[in-house]
Amino acid sequence: MIEIRTVSSPKDLDAFIALPNRIQKSDLAYIAPLAMERREALSPKHNPFFRHSDVRFLTAWRDGRMVGRISAQVDRRVQGTGHFGLLSAENDPAIFTALFRAAEDWLRAMGRTHVLGPFDLSINEEIGTLVDGFDTPPMLLMPHNPRWQPSRIEEQGYAKAKDVYAYLFNAPTDTPAWAERLVGRQARRGVVLRQLEWKRYDEELAAIVSIFNDAWSENWNFLPLDNLDLEALAKSLKPLIRSELVQIVEVDGKAAGFGVCLPNLNEAIRDLDGSLLPLGWAKLLWRLKVTGTKTSRVPLMGVRKRYARTPLGGVLPLMIMNALGRESVKLGMDRIEMSWVLEDNRAMRHLCETMAGPPYKSYRVYEKSL
């Protein structure tokens with residue numbers, strides 16, 4: 001007999017957060033996220049997502065032991081569609097059936113007729129179920145789940161909605177001559193590439209939000225970021241942000257594109273088992289500030305739509321990526337992940353596959369009519 005319970009206390013939430021660590025304990029590629037970070041990400045006090053959303057955290061129990069979890073969420077900015085996420089469960093179809101039935105019943109009661117997921121919690125956070133690339137550990141803010149999870153989801157009547165990809169490439173030690181010539185020509189045309197200026201942080205943040213929302217506005221299931229969203233993300237990632245790894249390209253003095261590269265936090269916390277106590281703080285700070293990481297991830301990048309289908313639009317992302325790669329090498333990082341990239345984003349896929357070859361990880365978002 002499987003019992004479904006609603007998370008209703010801090011103790012419940014801690015157990016909800018800890019469950020994947022037990023289920024994936026034997027998976028050598030799994031990295032336990034920092035429990036402190038997860039508490040903030042799932043807290044209405046810290047995550048702006050809750051300002052416009054209703055969320056239900058659900059757990060499955062059998063014989064007094066937690067055996068699964070799922071979230072169900074309704075973003076009031078989205079009409080008709082609800083979302084599920086934060087899925088983790090033992091490899092038993094009955095557990096998945098009980099979890100999805102409870103989540104779907106709640107979404108129906110909230111007036112939803114369609115469900116999409118996993119989103120942890122929104123499309124601007126962690127999305128998708130890993131379907132290819134299980135043998136390598138995830139980069140920061142990217143999911144990693146057991147091999148059985150896609151099949152268990154599909155057994156509940158879900159079908160593929162969209163795949164997203166991750167690409168891994170070696171950071172260039174030298175900018176190719178042809179790229180140098182392109183950059184030089186653009187510089188003569190009023191195109192300037194520069195790094196983030198901390199003293200103008202608020203202004204820089206507003207420019208990045210504006211570019212992101214413009215660049216991504218026509219993408220699948222896009223939801224705009226506002227300054228509160230990005231400020232929350234920037235606050236949580238502040239120890240990782242390096243000004244030289246935030247590149248902004250200007251055209252005629254106005255910000256036209258940007259790219260953000262972050263040291264791979266997961267590399268630094270791999271052996272901490274999700275806890276910074278008793279010595280985790282010291283290990284983490286030493287690894288981030290002294291020894292550094294060998295890997296990094298580009299989670300945010302965009303160029304204004306007005307340039308997207310012009311020759312300049314093809315050059316700006318290349319300029320940004322070359323600069324991020326060059327600065328990464330200076331900091332001792334030799335491999336960069338570009339993620340996530342929508343399967344139908346042909347322009348970005350072409351850029352990534354030119355630099356990295358085929359995707360090394362694939363994630364799937366599922367959908368179902370309720």
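## His83 and its contacts

His83 is in contact with Ser71, Ala72, Gln73, Val78, Leu107, Val115, Leu116 and Phe119, leaving aside its neighbours within four places in sequence. Contact means heavy atoms within 4.5 Å. His83 is found in strand 4, residues 81–89. Helices (H or I, at least four residues) and strands (E, at least two) are DSSP runs, numbered from the N terminus. His83 counts as buried, at 4% relative accessibility. Buried means under 20% relative accessible area, exposed over 50%, and partly exposed in between (1.4 Å probe, protein chains only).

## About the model

This is a predicted model, where local features need pLDDT of at least 70 and side-chain atom pairs count only at pLDDT 80 or more, while totals for chains, interfaces and linings use all residues. Residues are numbered from 1 along each chain as its sequence is written, and side-chain values use heavy atoms, with hydrogens and water left out.

## Aromatic pairs

The count comes to nine aromatic pairs. Rings of Phe, Tyr and Trp (its six-membered ring) pair if their centres lie within 6.5 Å; planes under 30 degrees apart count as stacked, over 60 as edge-to-face and the rest as tilted. Phe16 and Phe57 form a tilted pair, 5.2 Å centre to centre with 50° between the planes. Phe16 lies in helix 1 (residues 10–23) and Phe57 in strand 2 (residues 53–62), so the pair ties together parts that are 41 residues apart in sequence. Phe16 and Phe57 are both buried.

Why is the pair of Phe100 and Tyr158 tilted? Their ring centres are 5.0 Å apart and their planes stand at 50°, so the pair is tilted. Phe100 lies in helix 3 (residues 93–109), and Tyr158 in the loop between helix 4 (149–154) and strand 9 (159–170), so this pair ties together parts 58 residues apart in sequence. Phe100 and Tyr158 are both buried. Elsewhere, ring pairs link Phe212, Trp216, Phe222 and Trp340 into a cluster.

## Charges over rings

The charged end of Arg69 sits over the ring of Phe16, 4.7 Å from its centre. The charged end of Arg5 sits over the ring of Trp61, 4.0 Å from its centre. A charge sits over a ring if NZ of Lys or CZ of Arg is within 6 Å of the ring centre and within 35 degrees of the ring normal.

## An exposed leucine

Leu277 is placed in the loop between helix 8 (265–269) and helix 9 (280–291). Leu277 is exposed, with a relative accessible area of 67%.
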